[in-house]
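Welcome! Here is a short briefing to read alongside the sequence and the 3D view.

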Amino acid sequence: MATLPIEAVLPALKETLGTTENAVLVAAPGAGKTTRVPLALFEEPWLCGKKIVMLEPRRLAARAAAAFMARQLGESVGETVGYRVRMDTRVGPKTRIEVITEGVLTRMLQNDPALEEVGLVIFDEFHERNLHGDLGLALCLQSQALLREELRILVMSATLEAETVAELLGDAPVLSSAGRAFPVQTRFLESRAEGRIEPIVVQTIKQALAEESGDLLVFLPGTREIRRVESQLQAQGVGGQVKIVPLHGALSREAQDAAIAPSTPEVRKVVLATSIAETSLTVEGVRVVIDSGLMRVPRFSPRTGMSRLETVTVSRPSAEQRRGRAGRVAPGVCYRLWTEHEDKRLPMRSTPEILEADLAPLALELAVWGVHDPTELAWLDAPPAAAFAQARELLCQLGALTEDGTLTAHGKRMAEFGLHPRLAHLVLQAVPLQLGSLACELAAVLNERDFLPGQDADLRLRVEALRAGQADRGMIAEANRWKRALGVEAEEKGDLDYCGLLLAFAHPDRIAQRRGNGRFLLRNGRGAMFLDAQPLSFVPYLVAAELDDQGTESRIFLAAHVEESQLREHFQGQIETERIIEWDGGAKAVRARRRERLGSLLLKETTLQDPDADEVLGALLRGIAVEGLDLLPWTKAAKQLQERLTFMHQHDLSWPDVTRTALTDTLAEWLAPHLYGLKNREDLQRLQLVGILESMLSYAQRRELDECAPTHLTVPSGSRIPIDYSDLDAPVLAVRLQEMFGLQETPRIAHGRVPLTLHLLSPAQRPVQVTRDLASFWQNAYFEVKKDLKGRYPKHHWPDDPNLATPTHRAKPRGS
DNA sequence: CTCTCCCT
């Protein structure tokens with residue numbers, strides 16, 4: 001066996017762990033640390049015969065590492081070296097090295113916080129900073145501090161974030177080892193790429209095929225871009241010369257295996273991959289990497305409880321990892337589709353999962369561990385407070401925690417399931433309903449990537465396919481394992497009509513009601529919809545399992561029908577009944593209704609038979625305030641009375657203020673007493689506003705009103721002419737000039753304080769003159785006016801001395 | 001017009 005670069009640091013590593021508990025080992029990919037380190041250490045005396053457990057981020061990697069090490073010892077897996085991953089365990093009584101996946105460590109710690117049988121925990125590929133890795137390290141560190149001070153912890157990482165890890169491990173020594181990869185030449189863009197990435201990718205692929213030999217690995221953010229690049233390459237005839245192979249997580253295992261297998265020497269291969277090829281899968285025979293510099297990441301929103309996919313710039317470590325994929329078999333080339341200037345500004349690290357993930361599973365693990373406040377543990381990055389609080393709230397809703405945050409028996413059982421708390425709750429709720437078997441099938445379907453993507457969103461199709469053996473074998477095995485754990489294997493297959501109800505246990509916030517047109521309203525108030533019409537578009541209620549959380553209306557990818565009667569039976573305690581008595585602006589009436597709500601969903605609305613009179617009155621008053629005073633019957637008389645009172649108020653503030661503003665502000669005082677039993681505009685139209693306004697006055701004020709602000713004035717002709725109070729500062733008397741003959745002075749009101757403004761009119765009621773000084777008019781302007789009137793109304797009498805003339809109210813001259 | 005892993 002060739003000497004690996006890692007061999008150089010092994011003696012120092014043995015010595016370090018012989019004297020101190022914690023250490024950090026930095027080694028580039030390909031240095032051989034994953035297989036060499038456990039084999040070098042498992043017989044060290046400081047282990048005292050205890051085991052080494054090593055964490056891998058992926059099941060595949062864990063099994064592969066165990067198999068490789070077993071071969072090195074000339075044994076098979078399960079002897080000295082074993083592995084323990086989800087759904088698959090191979091360890092025996094002799095096993096000294098257990099390669100496990102990150103989540104398994106959490107379960108081991110929860111069962112045995114002191115890890116009595118373990119002498120050393122190795123965190124491999126720790127730079128990936130997965131949620132379970134971070135949690136496992138935090139728990140291990142506390143176990144070491146409180147229960148097992150001689151427990152060794154070794155963190156292995158490919159990047160220089162080692163220093164911060166070393167600090168977290170109590171200033172642990174850092175050892176490093178060089179990598180073994182071949183050199184890779186990096187080529188940047190000359191100028192910044194604008195617009196879509198696909199044309200530049202296509203152009204670079206063609207350039208690399210011409211300039212370089214060997215297979216190409218192209219990193220794209222997602223399947224959409226992969227499809228576009230593929231079709232553009234085909235359109236440009238590239239597909240004829242080379243084999244174009246997509247590679248992403250939604251592909252079947254066979255398609256993935258075909259994509260990563262080495263190509264035959266005569267056919268060149270262009271692999272179009274997502275970040276799956278960055279760490280999880282190794283594509284054989286690659287000499288050229290083309291990196292779009294983009295990746296899609298899920299971002300969880302504590303506000304909506306959903307994840308959304310975002311396209312982001314890759315971090316520097318990611319870009320380095322991608323570049324390294326070109327140097328595994330020979331010196332290689334990496335085309336980076338950004339400029340050298342932009343390269344300097346790449347983020348120094350990817351965002352650790354704990355900062356952006358759904359923290360409900362973590363919060364449940366911490367509750368089982370006995371930690372209320374995550375700051376009691378040591379973290380590289382503590383769980384963000386908002387997301388953690390949201391997670392605790394969800395756990396309360398699911399009954400895993402009590403109000404004060406203590407773990408319930410139900411919560412403890414949920415944690416033991418190794419399922420997301422929502423799904424564990426679904427399964428546990430189903431058992432007493434004799435739906436345990438269906439629940440296990442549903443949980444298996446929901447726990448994995450959708451195997452019928454793009455098809456009809458109905459979950460029942462997936463469960464049917466699973467029952468027919470058309471799902472992934474692992475998924476079927478998963479369902480069966482839970483059935484055994486619950487003792488429900490023998491249970492009759494639950495009716496598929498219960499899928500929606502069970503899903504509602506997991507996602508009570510995603511119960512949705514039809515709004516029409518394939519659009520739905522979620523219980524949490526958000527909108528959701530199907531892109532194309534399908535049977536589920538027309539059901540009154542459904543529960544959404546998967547949504548995209550983009551924009552104002554989320555797209556529904558996966559859902560199940562639920563009956564209103566099922567919701568009523570199982571969510572009775574969450575249905576709120578409210579009595580609503582409110583003004584209906586459309587009908588212009590008070591509506592009294594009884595509503596049953598499930599969150600934002602209105603399940604039922606009925607008319608309330610005997611609404612409380614005071615509440616009706618309140619709603620009517622609010623209606624009038626909103627609609628305005630025009631809702632009331634303002635007759636001419638009422639309007640004039642309001643103007644007269646306003647006139648009085650202006651001169652004496654002891655009078656009520658009845659301006660529109662004041663009346664609107666004081667509806668409850670002046671109007672409310674007259675509204676009992678009224679409920680709509682028609683009722684209001686029958687009100688007697690004159691009487692209502694008058695009732696605001698004292699007896700003395702009523703008498704004074706007629707004196708000071710009379711409705712009419714009797715002019716010399718004997719006519720009673722109405723006074724117009726609409727201009728508060730200058731009440732107007734509009735009267736034919738002829739009726740005023742003989743009156744010398746301007747008539748006054750308000751105890752003589754306010755002269756009326758006279759609008760003097762022609763016999764045909766046309767305005768002739770406006771004056772507040774009648775005496776002056778007679779003496780001056782009258783003579784000019786007279787000439788004009790004589791011309792136009794020659795048959796009328798236009799005297800030279802108006803003071804001596806007889807006033808007349810007749811429009812036609814006498815005797816005509 | 002959907003990233004990717006993982007849980008006795």
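Two strands are said to pair if DSSP finds at least two bridges between them. Strands themselves (E, at least two residues) and helices (H or I, at least four) are DSSP runs, numbered from the N terminus. This is a predicted model, in which local features need pLDDT of at least 70 and side-chain atom pairs count only at pLDDT 80 or more, while totals for chains, interfaces and linings use all residues. Residues are numbered from 1 along each chain as its sequence is written, chains are lettered from A and ligands numbered from 1 in the order in which they are written, and side-chain values use heavy atoms, with hydrogens and water left out.

**The open sheet**
- Five strands make up an open sheet with mixed pairing, in the order S25-S26-S27-S30-S31.
- Strand S25 (712-714) and strand S31 (767-771) each have a single partner strand, so one side of each is left without a neighbour in the sheet.
- Direction ignored, neighbouring strands of this sheet are turned by 30° against each other on average (axes are lines fitted to C-alpha atoms, for helices over the stretch in contact, and angles otherwise run from 0 to 180 degrees between N-to-C directions).
- Strands S27 (residues 732-736) and S30 (residues 757-761) pair in the parallel sense over five bridges, and Arg-736 has Leu-761 in S30 as its bridge partner.

**The barrel**
- Another five strands close into a barrel in the order S17-S18-S19-S21-S20, again with mixed pairing.
- Strands S18 (residues 519-522) and S19 (residues 527-529) run antiparallel and are joined by three bridges; Leu-521 stands opposite Gly-527 in S19.
- Helix H21 (residues 499-506) packs on the sheet and touches strands S17 (511-516), S20 (541-547) and S21, where contact means heavy atoms within 4.5 Å.

**Around DNA strand B**
- Sugar and phosphate account for 60% of the atoms of DNA strand B that come within 4 Å of the protein.
- Helix H4 (102-111) is one of the elements that supply at least two residues of this surface, and H4 gives the most, with four residues.
- A phosphate oxygen of DNA strand B is 2.3 Å from an N or O atom in the side chain of Thr-101.
- A base nitrogen of DNA strand B lies 3.4 Å from an N or O atom in the side chain of Asn-111.

Technical notes. Near = heavy atom within 4 Å. Polar contact = N/O pair within 3.5 Å; in protein donor to acceptor, adjacent residues only side chain to side chain.
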